[in-house]
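Try each task before reading its solution.

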Amino acid sequence: MCLVFVCDEDERVIARQPAPGACPYCGGMVQAMDVESQWRFCFLPLCFKTKRKYYCTFCARRLVVQ
């Protein structure tokens with residue numbers, strides 16, 4: 001008998017909008033993205049989370065707000 005457990009995380013972008021400030025690495029424009037992540041176990045949704053992530057539009061680095 002073999003048991004296979006499948007776990008998956010799916011992320012999708014809900015909204016994008018310009019954020020104030022400039023990238024500390026290249027000086028490019030910063031963009032705020034609302035990302036919804038969903039954890040699934042065998043096609044059953046377990047957890048929904050919505051996070052705001054910041055990215056530079058020029059160098060494509062992910063920026064961390066401190």
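## Exercise 1: The strands

In this predicted model, strand β2 (residues 29–41) pairs with β1 in the antiparallel sense, over 13 bridges.

**Task.** Work out in which order the strands form the sheet, and which of them are the edge strands.

**Solution.** 
1. Start with the elements: the protein chain has four strands and zero helices, so its pattern along the sequence reads β-β-β-β.
2. Next, place the strands side by side. They form an open sheet in the order β1-β2-β3-β4, with antiparallel pairing.
3. Now look for strands that pair on one side only: these are the edge strands, β1 (7–22) and β4 (62–63).
4. For a close-up of the pairing, find Q17, whose bridge partner in β2 is A32. A32 also touches other residues beyond four places away in sequence, among them A15, A19, R52 and Y54.

## Exercise 2: The cysteines

**Task.** Find how many disulfides the structure holds, and explain the result for C26.

**Solution.** 
1. Take C26 and look for the closest cysteine sulfur, which belongs to C56, 3.5 Å away.
2. Compare that with the cut-off: a disulfide needs the sulfur atoms within 2.5 Å. The C26 sulfur is therefore too far from that of C56 for a bond.
3. The count for the structure is zero disulfides.

## Exercise 3: The core and L63

**Task.** Is L63 buried or exposed, and which residues make up the largest nonpolar core?

**Solution.** 
1. Locate L63 in strand β4.
2. Read its relative accessible area, which is 13%. Buried means under 20%, so L63 is buried.
3. List the largest nonpolar core: its six residues are A19, C23, V30, A32, C56 and L63.
4. Trace the contacts of L63 beyond four places in sequence: C23, P24, Y25, V30, Y54, Y55 and C56. Y25 lies 38 residues from L63 in sequence, with 9.7 Å between their C-alpha atoms.
5. Finish with the whole chain: buried residues make up 21% of its 66 residues. The protein chain exposes about 5400 Å², and carbon and sulfur atoms supply 57% of that area.

Definitions and conventions: Residues numbered from 1 in each chain as written. Predicted model: local features only at pLDDT ≥ 70, side-chain atom pairs only at ≥ 80, totals over all residues. Heavy atoms only, no water. Helix = DSSP H or I, 4+ residues; strand = E, 2+ residues; numbered from the N terminus. Buried < 20%, exposed > 50% of the residue type's maximum accessible area, 1.4 Å probe, protein only. Areas by Shrake-Rupley, 256 points an atom, 1.4 Å probe, with all protein chains shown as cover. Core = buried A, V, L, I, M, F, W, Y, C linked by side-chain atoms within 4.5 Å. Contact = heavy atoms within 4.5 Å. Pairing = 2+ DSSP bridges.
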